[in-house]
Each structure stands twice: as structure tokens, then as C-alpha cells.
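Me: I would like to learn how to read a model like this one, feature by feature. Could we go through it together?

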Amino acid sequence: MNGNFIETDLLLDEGRISAIGKKLKSDEKPINASGLLVVPGLIDPHVHLREPGAEYKEDFKSGSMAAVAGGFTTVIDMPNNRIPTTTAERLREKRELAAKKAVCDVRFHFGTTDSNFDEVRKAGPDSLKIYMGRTTGELMLKEKGSLEKHFANFGRERPIVIHASDDNPDEGKNLEATYANEEYARGVAQKLDRKVHLAHVSASHEVHLFKKFAKATCEVAPHYLFLSSKDAERLGPLGTVYPPLRSEQKRLTLWNALERIDCVATDHAPHTIEDKEDGARGFPGLETCLSLMLDAHHKGLLGIDWVIPRMTENPARIFNLDKQGLGKIAAGNAANLTLIDMHAEWTVRGGDLLTKCGWSPFEGKTLKGRAKSVIYKGELIFEDGQFF
Ligand SMILES: [Zn+2]
């Protein structure tokens, strides 16, 4: 299918890949992957698993099961909980909850406020999230200078994730404000020489604007590639998301910027249907993301060599997970593997999904290509919809 894929055996030992080659011998029962595409366990750098504070929408168990069913073995959770992750204590609490309940690797972005500089240093998180547009409570930076102070306060090696989107209901106005935020954040990163990552781009101009700096990276969520304001109209209250779905023309133009986009991230943001009817913005995405990408591949829209690195080695490199043996199939790396059946067809039905919210903006769509099995830390934990 592509020069980067080869036919081989993998030997897994103590949660690691211990050897790669033909006809490897082991005493253990082999996992048959013939006819399947074996890729590193997928990594989603942008999810909202809602715990603590909104467990009725999602929790670490349901959210991580949805992740695994979608082929992911690592997700990075956002800090905008009802009680935001802005202190070392809250990060510790979240880590403990996830360690007890999650069925895969869950990591955390740390939130920023106008005053939590000492907490950032105390917590020593792997990444920061800065909200320049409106979000939950204190997380939006209001004082001029706070953003630059956070950049200066944080290490050079770890990335700072930017939410630049503005929420003015007028598309022209919210894009103008978003571009201005992005130029400002990119300028600060450039001046202080920091790694900066832009969340959920929804328009091609954002990509070109932000990536003028070599250490700037960005992600796109599937819904900006496959849905537009036409779908938002059709979906009614279920169609609201932040940033909003763009015009059909903007959606098509975004496809021209694909080569410069580093990651695919779901921005999995589950809300119950009742909360959607009350205006909550966000889509679940963990269980549909890979299949949407593979289906687009089958339609000739995306190369598999575009898709897979953007869901594995690129997020691993940006978020320093490569140094922990994630994102690549290599001897010594973590035995986290996703086995893809390129030809499995399925129809998205909200009621069949594992996310607690139980609906999808892609309801009724038939997709070709799916994660058949998932190996996490050397163990087969998921196959054909069953967890072990
Ligand atoms: Zn988000």
C-alpha cells in the first residue's frame, strides 16, 4: 500500500517491543495480524474526559474505553474541568483518578490563569494550555502580559498549547480576532524561543499565519475537515462546537493546508443531548476519528502516509512522548499497537458508542476502515468491540 509499510513479525516482551523481523519465535500464543495494518498505538493530544466535575458526561473509564475502541492508546486531557487543573494538587488528583479508572494511557495539559505561575513551577507539567478565547471561569487570561509571563515561566523543551479561537457569532469577526491572537502568541513564542502548539485550526489562514515560526505546530480536528456550516444547520443544537463549523468554502480551503498541519486531534468534547439543547458546544470524536481518516483515504482524499504519522509519531514528538518510547514501532519502544482492518465497514450509531454522551455528529455515516484490535503495554486489551 505504501513504501513505509512492511510485512514482519513483532516480538513483545514485558510491555515492550523486543524484536522486529521475520519468523520470530516465542513460547506465547501469537496474535495473528495477517491482513491487518499494524501501527503504533494512536495518540490524541486533545480530549476532554470531564472528570472530575462532569462525570455524567464522561469519566476516565468511559472516555478511555472510547479512546481504545477508536484505536488510541494515549490521550492528553485538557484542564478546563468544572474545577480547572490549575494547581499541583488538582493535577495530582486527576492523575490518581485516571490511574484507578482509565484503561489506557491518560496524560494531562496544565491550565494557566493570570496568577498561577508558582503552581506551574511546582506541578512541573508536561505541557501548558493557554486560553486566549472564552472558556470555563478563570482559565481565560485577562491581563495583558500574562501570556508572555507564562511562556517565560515554562521550559523550552515542553510545548505550550494555545486556544486562540474567539467566540464572536459573526464568522468574519471571530476569525479576525482568532488570527490576531495567533499572531500574538506565535510572536511571543518566537521572541522567547518556546515550543508552541495551536489547538483545533479551522481555517487555512491560521495554519500559514502560525507556522511562520519553526517551533510552531498545529492540529486539526476531523469535524473541520468533514463538516461545514451546512451540517451545523442540519444538526441544530447538536451542531455547535468551538471554534464553530465553517462555511463550505472555508472547509474546502482548509484541505489545501493539510501538508503543514502536524497532528489530527479529536477535541473529544462529550456533552449530553440535554446539555447540547442548553447550548453546550463540542462533539465526541474518539470513536470516529480514525475511521473518518481511513474512509477519506479510500475515497482518494488522504494518503495513509499523511494520516498515520499525524496520529502517532508527530504528536509523540511534539509532546515529548517519543522519549518515552511512544509513537513509533521500534525495538525497545512501548508495545502499544493498533491493528487496523482497512476494509471493515460500519455505520456510526450514537447508541453503539462507548462515550457516555451517546450521540455523534456523524450519525448514520457508513465508514470504511476501523481499529480491529488494540495492544496496550504488550497485552491484547481490545478486539472486535470486546475489552479483555
Ligand atoms: Zn478542546
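**Reading the strands, a metal site and a helix pair**

Reply: Let us start with strand β9, which is covered on both faces: I160 and I162 on one side, and V161 and H163 on the other, are all buried. Buried means under 20% relative accessible area, with exposed over 50% and partly exposed in between (1.4 Å probe, protein chains only). Helices (H or I, at least four residues) and strands (E, at least two) are DSSP runs, numbered from the N terminus.

Me: What should I keep in mind about the model itself?

Reply: This is a predicted model, where local features need pLDDT of at least 70 and side-chain atom pairs count only at pLDDT 80 or more, while totals for chains, interfaces and linings use all residues. Residues are numbered from 1 along each chain as its sequence is written, and side-chain values use heavy atoms, leaving out hydrogens and water.

Me: Which strands pair with β9?

Reply: Two strands pair if DSSP finds at least two bridges between them. Strand β8 (residues 128-131) pairs with β9 in the parallel sense over four bridges, and K129 stands opposite V161 in β9. Strand β9 (residues 160-163) is also joined to β10 by three bridges, again running parallel; here V161 stands opposite H197 in β10. As for cover, six of the six residues of β10 (residues 196-201) are buried.

Me: Which order does the open sheet of five strands have?

Reply: Its order is β3-β13-β14-β15-β16, and the pairing is antiparallel. At its edges are β3 (37-40) and β16 (386-387), each with a single partner strand, so one side of each is left without a neighbour in the sheet. Inside this part, strand β14 (residues 366-376) and strand β15 (residues 379-383) run antiparallel, joined by four bridges. I375 has L380 in β15 as its bridge partner.

Me: Which residues coordinate the zinc ion?

Reply: Donors are N, O and S atoms within 2.8 Å of the metal (3.2 Å for Na, K and Ca); water is not among the atoms, so sites may look incomplete. Here the zinc ion is coordinated by H46 (NE2), H48 (NE2) and D267 (OD), at 2.1 to 2.3 Å. The donor spacing in sequence is H-x1-H-x218-D. H48 lies in the loop between β4 (42-47) and α1 (60-69), and D267, 219 residues apart from it, in the loop between β12 (263-264) and α10 (273-277), a pair that links distant parts of the chain. Both H48 and D267 are buried.

Me: How are two packed helices described?

Reply: By the angle between their axes and the distance between the axes. Axes are lines fitted to C-alpha atoms, for helices over the stretch in contact, and angles run from 0 to 180 degrees between N-to-C directions. The axes of helix α4 (residues 146-153) and helix α5 (residues 171-192) come within 10 Å and cross at roughly 35 degrees.
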